[in-house]
Amino acid sequence: MLPSPLAANRLPMTSFGLLPEGLRDRLPPQAQALASLVRTLTDVCAAHGYERVAPPLIEYEASLASGSSRERLRFTDPVSQMTLALRSDITGQVGRIAVTRLAGQARPLRLMYAGQVARVRGDQLSPERERTQAGAELIGSDSPAAAAEVLAVAVEALTATGLTGLSVDLTMPTLVADLAAAGWSLGHASLCDVQAWLDGKDVGALRAAGADQYVPLIAAAGPVHSALAALKQLDLPNAVLARLDAIAGLAAGLNGVSVTLDPTERHGFEYQTWLGFSLFGAGLMAEVGRGGAYTVAHGDGRQEAAIGFSLYVDGLVDLGLGQEARTRVLLPVGTSADIGAELRQQGWITVAALEAGAEAKALNCSHIFADGAVRPA
């Protein structure tokens, strides 16, 4: 007998059921909690006028504009012989849809999404290689009003999941480049050098390179009001001062949320323009979301302003959020379908016994239908 063609690919019995590093199965009740949280987040976005799109998990790698190419899992398409990749971020896919299939739609265009993303490897704070991402993008504007709306929707959506201790960390990703363009001296260093030293808070390197003018930016970080006050003491161009006023307005609109500002933070915000933000919550080691202003390129080279956010749902599940309180009731053999339908309308989860003598507790049921009524098991 010829061996099965699958036999060579089978795992040894000692490793059967193992998953690759960074991947996991979601079991009951966490899998249901994940679905519930996605629904909660997208329902809030929908209530603010954002319409859902569902781009594919796999695209031509050249089409995936967002996310680092080093984070993507690639393979060759056996049909086209072109390189395909699993998305590591959905934001760029939404931008592609906005400037192609929805290019003729009126702006601003409000779109939302939810789905899985994958990356080559995790990190210390987020070791998972597959994550559930949900978010919203406002295409056609990155004005202070658009930023205020997007931030408010993100905070409202996270609050609706039950997350507490929300905080927002703001940054100005293009600030250093804008200051250099306005005449701030880089000394004998390059813009990239100065940005890297600011990222590392390296005062000595800045002074040694003759880029002393940028040193006060390091101290201008912390609670938003004190950070803004420190920045306004500097010789800033009018365009930057206007952005500071916009940030002050954003912070004022986030009632009950702790807001900080680090004006030179760029790590993870390489594609953002005048504003970037990270979202944090109580009990979470890593950020629960991030977003900011950016541009989307049209086919003719035109750049369109946009702003949005992405939320990472798995951390919320790990906190125990999204658990639904519906109660399960066992329906013994012979219970009529009408009774089951009536109980489900009342909010019960019904589990039909397939044989006499089935035990409610063994089937995760807290109640049983007996003697014409629902009774504790």
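Mentor: Start with a pair. Arg 243 and Asp 178 form a salt bridge, with their closest N and O atoms 2.4 Å apart. Keep in mind that this is a predicted model: local features need pLDDT of at least 70, side-chain atom pairs need 80 or more, and totals for chains, interfaces and linings use all residues. Residues are numbered from 1 along each chain, and side-chain values use heavy atoms, without hydrogens or water.

Trainee: Why is the pair Arg 243 and Asp 178 called a salt bridge?

Mentor: The term asks for a side-chain nitrogen of Lys or Arg within 4 Å of a carboxyl oxygen of Asp or Glu. Here the N and O atoms are 2.4 Å apart, so the pair qualifies. In general, side chains of opposite charge can pair when their charged atoms come close.

Trainee: Which parts of the chain does the pair of Arg 243 and Asp 178 tie together?

Mentor: Arg 243 sits in helix H9 and Asp 178 in helix H4 (residues 175–181), so the link spans 65 residues of sequence. Helices (H or I, at least four residues) and strands (E, at least two) are DSSP runs, numbered from the N terminus.

Trainee: What makes Arg 243 and Asp 178 "partly exposed"?

Mentor: Buried means under 20% relative accessible area, exposed means over 50%, and partly exposed lies in between (1.4 Å probe, protein chains only). Arg 243 has 23%. Asp 178 has 25%. Both values fall in the middle class, so both residues count as partly exposed.

Trainee: Are Arg 72 and Glu 61 buried or exposed?

Mentor: Buried. Arg 72 has 7% relative accessibility and Glu 61 has 17%. Each value is under the limit for buried. Across the chain, buried residues make up 42% of 377.

Trainee: Why is helix H8 called roughly antiparallel to helix H9?

Mentor: The axes of H8 (residues 224–231) and H9 (residues 238–253) come within 11 Å and cross at roughly 170°. That angle makes H8 roughly antiparallel to H9, a label that needs an angle over 145 degrees. The axes are lines fitted to C-alpha atoms over the stretch in contact, and angles run from 0 to 180 degrees between N-to-C directions. The contact uses Val 224, Leu 228 and Leu 231 of H8, and Leu 244, Ile 247, Ala 248 and Ala 251 of H9. Contact means heavy atoms within 4.5 Å.

Trainee: What classes do the residues in the contact of H8 with H9 belong to?

Mentor: Seven are nonpolar, with no polar and no charged residues. Ala, Val, Leu, Ile, Met, Phe, Trp, Tyr, Cys and Pro count as nonpolar, Asp, Glu, Lys and Arg as charged, and the others, Gly among them, as polar.

Trainee: Which residues of H1 and H3 meet?

Mentor: Thr 40, Leu 41, Val 44 and Cys 45 in H1 meet Val 153, Glu 156, Ala 157, Leu 158 and Ala 160 in H3. They divide into seven nonpolar, one polar and one charged. The axes of H1 and H3 (residues 144–160) are 9 Å apart, at an angle of about 145°.

Trainee: How do you know that the peptide bond from Pro 28 to Pro 29 is cis?

Mentor: By its omega, which is near 0°. Arg 107 and Pro 108 are also joined by a cis bond, with omega about 0°. Most residues other than glycine have a negative phi, and most peptide bonds are trans.

Trainee: What is the phi of Gln 81?

Mentor: Near 65°, a positive value in a residue other than glycine. Gln 81 lies in the loop between E3 and strand E4 (83–86). Its relative accessible area is 56%, so Gln 81 is exposed. Lys 201 has a positive phi too, near 55°. At 34%, Lys 201 is partly exposed.

Definitions and conventions. Parallel < 35°, antiparallel > 145°, perpendicular 65-115°, else oblique.
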